[in-house]
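Here are some notes for a colleague who is opening this structure for the first time. They take up the sheet, then one of its strands, and then the helices.

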Amino acid sequence: MRRWAADVAAGSADSLMLKGPNGTGKTTQACAALMALAGSMRGEFATMTGILAEVKATYSGPGSERQAVARWRNVPLLVVDDLGKENVTPFALAMMYAVIDGRYQAMRPTVYTTNDDSASLFAKLSAGGDEATAKSIVSRLADARQVRIGGADRRLAR
């Protein structure tokens with residue numbers, strides 16, 4: 001994490017994918033990266049479920065879908081926690097692609113956490129019926145630095 005954060009502080013646009021079982025410290029590590037970079041760039045933490053809820057809220061409230069997606073595309077550093085926990089609908093997949101691809105194209109560093117490897121994430125995302133978009137998302141995520149975090153669920157060990 002320190003090496004990745006130092007690289008990003010020095011100008012790297014690499015993203016980071018933290019993979020592993022529940023309770024192994026992925027979110028803690030992602031937050032540590034956010035804190036390590038707080039002095040050099042603005043960052044935000046969200047779940048993809050939360051991002052999708054924010055976009056949906058624009059349909060009955062202030063703002064627009066475009067503005068909500070742009071917010072998450074453009075934040076200099078973003079942590080997306082628990083990727084793969086979303087209820088995958090055509091809307092969800094389209095918005096996920098818009099955010100992930102927008103950040104990828106703009107070369108904005110992003111930390112993703114997930115319990116899934118690429119194959120199981122693809123299976124979850126393509127369950128909504130759009131395999132091409134699911135494949136595009138997983139392909140962009142595969143370009144991130146991959147870190148597997150193992151071990152037992154620390155929350156259950158308490």
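1. Two strands are taken to pair if DSSP finds at least two bridges between them. With that in hand, and bearing in mind that this is a predicted model, one can begin with strand E4 (residues 110-114), which runs parallel to strand E1 (residues 16-19) and is joined to E1 by four bridges. Strand E3 (residues 77-83) is likewise joined to E4 by four bridges, and these two strands also run parallel.

2. Which residue of E4 is the bridge partner of Lys 19? It is Thr 114, and Thr 114 is also the bridge partner in E4 of Leu 83.

3. Is strand E4 mostly covered or mostly uncovered? It is mostly covered, with five of its five residues buried. In a regular strand, the side chains alternate between the two faces of the sheet. In E4, Thr 110, Tyr 112 and Thr 114 point one way, while Val 111 and Thr 113 point the other way, and all are buried.

4. Strand E4 also takes part in a right-handed β-α-β unit, which is made by E3, H5 and E4. Helix H5 (residues 90-105) in turn meets helix H3 (residues 48-57), for the axes of the two come within 10 Å and cross at roughly 105°. Angles of 65 to 115 degrees count as roughly perpendicular, which means that H3 is roughly perpendicular to H5.

5. Which residues make the contact between these two helices? On the H3 side they are Met 48, Ile 51, Leu 52, Val 55 and Lys 56, and on the H5 side they are Phe 91, Ala 92, Met 95, Met 96, Val 99 and Ile 100. By class, this contact of H3 with H5 has 10 nonpolar residues, no polar residues and one charged residue.

6. A last point concerns Thr 133, which lies in helix H7 (residues 131-142). Why does Thr 133 count as buried? Its relative accessible area is 18%, and buried means under 20%, so Thr 133 falls within that class. Leaving aside neighbours within four places in sequence, Thr 133 is in contact with Leu 93 and Tyr 97.

Note on methods:
Residues are numbered from 1 along each chain as its sequence is written. This is a predicted model: local features need pLDDT of at least 70, side-chain atom pairs count only at pLDDT 80 or more; totals for chains, interfaces and linings use all residues. Side-chain values use heavy atoms; hydrogens and water are left out. Axes are lines fitted to C-alpha atoms, for helices over the stretch in contact, and angles run from 0 to 180 degrees between N-to-C directions. Angles under 35 degrees count as roughly parallel, over 145 as roughly antiparallel, 65 to 115 as roughly perpendicular and the rest as oblique. Contact means heavy atoms within 4.5 Å. Ala, Val, Leu, Ile, Met, Phe, Trp, Tyr, Cys and Pro count as nonpolar, Asp, Glu, Lys and Arg as charged, and the others, Gly among them, as polar. Buried means under 20% relative accessible area, exposed over 50%, partly exposed in between (1.4 Å probe, protein chains only). A crossover is right-handed if, with the strands pointing away from the viewer, the path from the first strand over the helix to the second runs clockwise.
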